[in-house]
Every structure is written in C-alpha cells, then in structure tokens.
Amino acid sequence: MALGFTLAYLALIVLIPLTGLAWRSASLGWAGLWHVATDPRTLNALKISFGTAFVAALINVFFGVVVAWVLVRYRFPGRRIIDAIVDLPFALPTAVAGIALTSIYAKNGWIGRWLDPLGIKVAFTPIGITIALIFVGLPFVVRTVQPVMEEIRTEVEEAAATLGANRFQTITRVLLPGLQPAILTGFALAFARAVGEYGSVIFIAGNLPYVSEIAPLLIVIRLEEFDYAGATAIAAIMLLISFAMLFIINLIQAWSRRRYGYGT
Amino acid sequence: MVHDLSQTAAPAAATWHPATTESRGSRYVLIGITLVFLGLFLVLPLVSVFVEAFRKGPAEYFTALIEPDAQAAIRLTLLVAAIAVPLNLVFGVVAAWTIAKFEFKGKAFLTTLIDLPFSVSPVISGLVYVLLFSSHSLLGPWFKSHGIEILFAVPGIVLATVFVTFPFVARELIPLMQHQGTTDEEAALSLGANGWQTFWHVTLPNIKWGLLYGVLLCNARAMGEFGAVSVVSGHIRGLTNTMPLHVEILYNEYNFVAAFAVASLLALLALVTLILKSLLEMRYGAELRAAGGH
C-alpha cells in the first residue's frame with residue numbers, strides 16, 4: 001500500500017507532467033527541434049548558460065576545496081559560524097540573492113563603484129551571471145568534498161612525509177588525487193544547478209539577447225509569447241545536453257574511482 | 001612522525017610544524033582566502049539586503065510591509081507552504097519507508113525519480129505544468145469546463161512548489177532509515193503491534209530529528225521558490241503573487257526600498273533556517289550523520 005501511494009504520488013507530480021513535456025517535444029520532431037536549436041538567439045542563450053555555468057563551477061571547485069579544507073583541518077574562532085554560512089545559498093531565496101548581488105555590483109554599488117573606474121563592468125554582463133552562479137553553486141562543492149576530507153586518515157600523510165615528500169607534494173600527489181571523485185561530483189552538482197538557475201541570474205544579467213540572455217529566460221520569453229513549441233524545444237535541448245554531460249561526468253568518475261578513490 | 005632533533009634544541013623550534021599540517025603562514029593564507037571569499041560572495045549580499053531595506057529609515061520599511069499587496073503576497077506564500085510542506089512530509093515519510101524497509105524491483109529507478117527535481121531547471125519544472133494545463137493541452141479545457149482554474153491561479157502555484165520541494169524530506173530520511181534497518185520494527189511486530197502502531201511508536205521516534213531537518217529545508221525552498229512559481233503564476237498583483245514574485249515586481253518598478261523590505265523577510269527566514277539547522281546538527285549530529293546528510 002505504501003508502495004502504491006509512493007508510485008501514485010510520483011506519477012501525479014512528476015511522471016505525468018514530464019511525459020507531457022516529452023510528448024510535446026516528440027510532436028515537434030527532429031526537424032522542429034533542429035530548427036529551434038539552430039536559431040541564433042537560442043544558440044547564444046545556450047552558449048551563455050552552459051559557458052557561465054562551466055566557469056562558475058570551475059571557480060567553485062577551487063574555492064570550495066580551499067573552504068572545505070580550512071573547515072575540516074583548522075581550528076579558529078568563528079569556524080562554526082562560517083561552516084553554517086556556507087549553506088546560505090541553499091536557504092536564501094534566489095530572487096533575494098539576485099537583487100542583493102545586483103545592488104552590490106551596480107555602478108554605484110559597494111563593489112561596483114571600485115570596479116567601474118577600472119573599466120570593469122560586472123552587473124548586466126556575463127561576468128555578473130557568473131558571479132550569481134558562483135553564489136548558488138558553492139555549497140554543492142563544499143558539502144560534497146567536506147565529508148570525504150574528514151575521512152582521510154593521517155597515516156597516509158605521515159607515510160608520505162616519512163618518505164621525504166614535502167607538504168606541497170603530499171597534498172598535490174597524495175591527497176588531491178584521492179579527493180578527485182568527490183571534487184568531480186561537487187563540480188557536476190554545481191554545474192547542473194547553475195545551468196538551470198533563473199532567479200538569481202535574471203536581475204544581474206541585464207538580459208540582452210545574444211549577449212547576456214540565459215536559456216531559462218528564453219524559455220520564459222517564449223512562454224509569454226505563447227510560443228509553447230519554442231519553449232518546449234529549448235527545454236528539451238537543455239535537458240538533453242545536461243543529461244549527456246552528467247553521463248560523461250559519471251563515466252569519468254567511475255574511471256577515477258577505480259584508479260584512486262576513498263570508496264565514496 | 002619524524003622529529004628532527006637538531007631543531008628542538010635550536011630557537012628555531014617556533015617555525016617547526018608537524019609534517020601532517022601546513023606551515024603557520026600557509027594556514028593563515030588559506031584561512032584568509034576562505035574568509036575573504038565567503039565574506040564577498042555570501043555575507044556581503046546578505047548584509048546589503050538589510051542595509052538597502054532601511055535606506056530610507058524604518059518608517060518606509062514598515063510601510064512597504066503593511067501595504068495591501070505585500071500583505072497578500074505574505075499570506076499567499078504562507079498558504080502555499082502550509083499546503084506543500086505537509087503533502088511532501090507525508091510523501092517523504094511513506095517513500096522513505098517503502099524504499100528503506102522493503103525490497104522490490106525498480107528501486108534504483110524510483111530513487112532516481114525522487115531526485116529528479118533537483119537536476120531540472122525550475123523554469124522547466126514550471127513549464128511542464130503550463131504544457132499540462134494550458135488551454136491548448138489535453139487537461140486544460142477539461143478543468144476549465146468544470147470551472148477549475150489551475151494555471152495562473154493558486155492550484156498551479158501549489159503544484160509547482162510541491163514539484164520542486166518534494167525530494168527534501170524523502171532524501172533526508174531514505175539513508176537514515178536504511179541505516180537503522182528493520183530490526184526494531186520486527187521486534188515490535190513480533191510482540192503483537194500492528195503496522196500502524198509499529199510506525200507510530202517505533203519508526204517515527206527513530207527518525208524525528210531527520211524528519212525535522214528535511215521539513216526545515218523543504219519549507220525554506222517552498223517559501224523562497226521563484227523560477228517554477230514565476231512561470232505558472234501569471235503575476236496577478238494581490239492574487240497570485242508570492243513574496244519572491246512580489247520582490248521582483250517591486251524591483252522592476254524601481255521601488256528598491258520596498259523590494260528589499262519584502263526581501264529582508266525572506267532573508268530572515270533563511271537566517272532562522274540556518275540557525276535551526278546548525279542547532280540540529282550540533283545536538284543530533286551523530287544521528288543525522290548516520291543519514292549521510294549534507
């Protein structure tokens with residue numbers, strides 16, 4: 001009975017709506033999908049969405065690993081508060097993050113006013129999009145890498161040190177390879193989240209077609225034009241690319257887990 | 001670890017550090033990077049919400065909050081969360097119970113399905129309901145002829161919110177229940193308890209903290225969801241505007257103080273969520289970690 005309830009609920013909330021999406025996309029046919037996909041505005045929106053999401057996820061991997069390392073290894077006043085704050089992007093509504101980041105990076109904002117004389121424009125450019133995506137993606141990297149770091153046994157590091165490795169060598173040759181599967185997972189989660197992100201981006205992006213218009217926004221624009229076929233096609237293309245990329249990341253991960261890996 | 005004797009005697013002992021940690025200098029640099037990065041990217045936006053909200057003083061701030069459209073938005077957000085969270089709580093418990101305590105074919109597929117809303121763009125989550133209930137769709141005309149409005153009305157907003165928030169409780173409970181196994185339940189059943197008694201007196205007390213944790217995260221997302229709700233809401237002021245949507249409208253009208261005032265309520269909700277979450281992790285960390293939580 002419990003299984004029946006679970007299945008019925010899932011069917012109502014997830015399966016039927018998603019089948020609707022698949023059915024709609026299928027009724028467009030390959031020709032219809034191809035037509036929408038090769039439209040220059042769609043192509044640019046997809047490029048911007050996947051490009052900024054990729055850069056943001058890379059930056060998050062670097063800083064996320066540093067933050068996780070500091071939280072796991074060092075003891076300093078305020079560590080608990082910092083640990084809690086890492087989850088802020090999970091808890092803060094995306095629209096709130098969006099308007100806050102925009103006000104900070106606008107020409108007269110707290111940070112924008114220092115960058116503007118240097119000729120760096122952040123708000124209403126792809127750099128602004130990337131900053132919003134760094135905000136939403138950071139906890140995915142930290143929270144994926146952190147528990148795996150906690151499980152590293154110091155014996156491994158001691159062995160490396162007694163064998164003559166300096167600290168830098170121990171970290172880059174011994175510790176980081178072992179963390180690679182977790183780092184990849186964190187990257188994939190941050191990337192997937194960033195590709196679909198909408199609320200925090202639309203305020204800071206400026207939403208100029210061909211320049212700073214993201215794919216989710218183009219879906220919304222097509223819907224407002226009652227172009228349901230166009231909206232469906234962009235959604236289908238986004239889902240296809242995302243699944244393909246996650247599949248590739250899973251393959252790399254399976255490979256790297258076989259090679260190194262802490263069994264996560 | 002190898003301790004170089006020549007160094008213990010020398011005054012240079014202060015620069016010595018164990019081989020399994022970084023030098024004092026590197027540690028300070030890494031802590032510095034962490035503080036600056038988190039300060040710039042997380043703390044500064046949070047602080048700016050409150051500063052912008054009070055830019056023209058407390059009178060303007062409170063005016064923005066008691067204005068009728070803002071009140072309607074707050075009421076709608078509370079209503080949507082009051083429907084979506086209990087629904088997903090019941091689903092989460094039942095789904096986790098099914099997956100953790102029983103063996104059946106297609107379990108992995110079911111788990112993937114539960115995680116799905118996390119990997120789909122919120123805009124696409126909203127889009128699927130538009131396709132399902134629009135006037136050109138299969139179901140739309142039928143509901144319309146029966147006088148039920150779903151799209152651009154409260155039911156659509158509730159549906160979209162249920163969709164994006166339903167993994168939270170289930171995801172928290174599945175690993176927890178799997179970890180606990182079925183021995184407690186078997187003991188209860190063998191002592192003559194029926195299924196319902198077993199669930200109420202044995203299973204539920206075992207999972208209560210994990211459940212609370214899941215509900216907390218589910219509620220935060222339900223009240224803050226923007227993308228999915230934006231697509232199905234129709235943005236009718238005073239009727240189908242939730243708080244995040246109201247923030248957007250005010251902001252686009254250049255009414256920044258009012259936008260940040262409503263946003264500050266959502267930021268407070270986020271802060272309360274983070275504090276409760278940290279308290280739960282501190283007190284019941286061991287139990288929750290068994291769940292392999294985040």
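**Chain B: values against definitions**

Visitor: What radius of gyration does chain B have, and what would a compact globule of 294 residues have?
Guide: Chain B has 25 Å, whereas a compact globule of 294 residues would have a value near 19 Å. The radius is taken over C-alpha atoms, and the globule rule is 2.2 Å times the number of residues to the power 0.38. The C-alpha atoms of chain B fill a box of roughly 90 × 65 × 35 Å along the principal axes.

Visitor: What are the ground rules here?
Guide: This is a predicted model, in which local features need pLDDT of at least 70 and side-chain atom pairs count only at pLDDT 80 or more, while totals for chains, interfaces and linings use all residues. Residues are numbered from 1 along each chain as its sequence is written, and chains are lettered from A and ligands numbered from 1 in the order in which they are written.

Visitor: Why should residues 4–13 of chain B not be read in detail?
Guide: pLDDT, the predictor's confidence in each residue from 0 to 100, stays under 50 over residues 4–13 of chain B. Where pLDDT is low, the predicted coordinates should not be read in detail. Chain B averages a pLDDT of 87.

Visitor: What makes a residue of chain B count as buried, and what percentage does?
Guide: A residue is buried if 20 or more other C-beta atoms, placed from the backbone, lie within 10 Å of its own. Of the 294 residues of chain B, 42% count as buried.

Visitor: How many residues of chain B are in contact with chain A?
Guide: Contact requires C-beta atoms, placed from the backbone, within 7 Å; 68 residues of chain B are in contact with 64 of chain A.

Methods:
Contact = placed C-beta atoms within 7 Å. Buried ≥ 20, exposed ≤ 12 C-beta atoms within 10 Å, placed from the backbone.
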